[in-house]
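Subject: Handover of the model, with notes

Dear colleague,

Here is the structure that I am handing over to you.

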Amino acid sequence: MLWARLAKEHRSVRGILAQTGGIRPPERHRSRLALTLAVREEISRALVIGHSTRAIAARIGRAPSTVGREIERNGGRAGYRANQADISAWDRAHRPKR
């Protein structure tokens, strides 16, 4: 517990935290397993050329289901935009979830 490490009463620490705005949450970062913007751009280019989901998956080294879900949740084959997909993924990754 924080107050135990500071050798202070719980009430004292709580008052200090209330005045200073609390404890800053850890900085957000992407999982190493998440699709990167560069990979999303590859998907976008391959869609324009007309490649299938399986061909795109083989090209980027991911599962076809991963590529298919990425395309469908971000506008479908006709509306997929890499930059917008990347922004949306970052926004959807907020924690905690409801």
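Predicted model: local features only at pLDDT ≥ 70, side-chain atom pairs only at ≥ 80, totals over all residues.

Residues are numbered from 1 along each chain as its sequence is written, and side-chain values use heavy atoms, with hydrogens and water left out.

The chain has 7 helices and 0 strands, where helices (H or I, at least four residues) and strands (E, at least two) are DSSP runs numbered from the N terminus. Of its 98 residues, 21% count as buried, a word that stands for under 20% relative accessible area, with exposed meaning over 50% and partly exposed in between (1.4 Å probe, protein chains only). Among the contacts in the chain with a separation of 6 or more, 45% come from residues 24 or more positions apart, a contact being heavy atoms within 4.5 Å.

In α5 (64-73), the residues Val 67, Glu 70 and Ile 71 are buried. Seen down the axis of α5, these buried residues fall within an arc of 95°, so they line one face of the helix; the arc is that of the directions from the helix axis to the C-beta atoms. The cover over the buried residues of α5 includes α3 (37-49), α4 (53-60), α6 (76-79) and α7. After α5 comes Gly 75, which has a positive phi, near 105°.

In α7 (82-92), the buried residues are Ala 82, Ala 85, Asp 86, Ser 88 and Ala 89. They cover an arc of only 165° around the axis, which puts them on the same side of α7, and they pack against α3 and α5.

The salt bridges come next. The whole structure holds 7 salt bridges, each defined as a side-chain nitrogen of Lys or Arg within 4 Å of a carboxyl oxygen of Asp or Glu. One of them joins the side chains of Arg 30 and Asp 86 (3.2 Å, N to O). Arg 30 lies in the loop between α2 (10-20) and α3, and Asp 86 in helix α7, so this pair ties together parts that are 56 residues apart in sequence. The two partners can be set side by side: Arg 30 is partly exposed, with a relative accessible area of 36%, whereas Asp 86, at 11% relative accessibility, counts as buried.

Another salt bridge is formed by Glu 70 with Arg 40, whose closest N and O atoms are 2.8 Å apart. With Glu 70 in helix α5 and Arg 40 in helix α3, the pair ties together parts that are 30 residues apart in sequence, and both Glu 70 and Arg 40 are buried. The side chains of Asp 86 and Arg 40 also meet in a salt bridge (2.8 Å, N to O), and because Asp 86 lies in helix α7 and Arg 40 in helix α3, this pair ties together parts that are 46 residues apart in sequence. Through shared partners, salt bridges join Arg 30, Arg 40, Glu 70, Arg 73 and Asp 86 into one network. Leaving out residues up to four places away in sequence, Asp 86 touches Arg 30, Leu 35, Thr 36, Leu 37 and Arg 40.

Last, the pocket. The largest pocket has a volume of about 370 Å³. On a 1 Å grid over the protein atoms alone, a pocket is an open set of points where a 1.4 Å probe fits, with protein on both sides within 12 Å along at least five of seven lines, and lining residues have an atom within 4 Å of a point. Grid points are joined across faces, edges and corners, and the volume is the space filled by probe spheres set on the points. Of the 18 residues that line this pocket, the closest to its centre are Ala 34, Leu 35, Arg 40, Ala 89 and Ala 93. The elements that give two or more residues to the lining are α5 and α7, and α5 gives the most, with 4 residues. The lining divides into 6 nonpolar, 3 polar and 9 charged residues, where Ala, Val, Leu, Ile, Met, Phe, Trp, Tyr, Cys and Pro count as nonpolar, Asp, Glu, Lys and Arg as charged, and the others, Gly among them, as polar.

Best wishes
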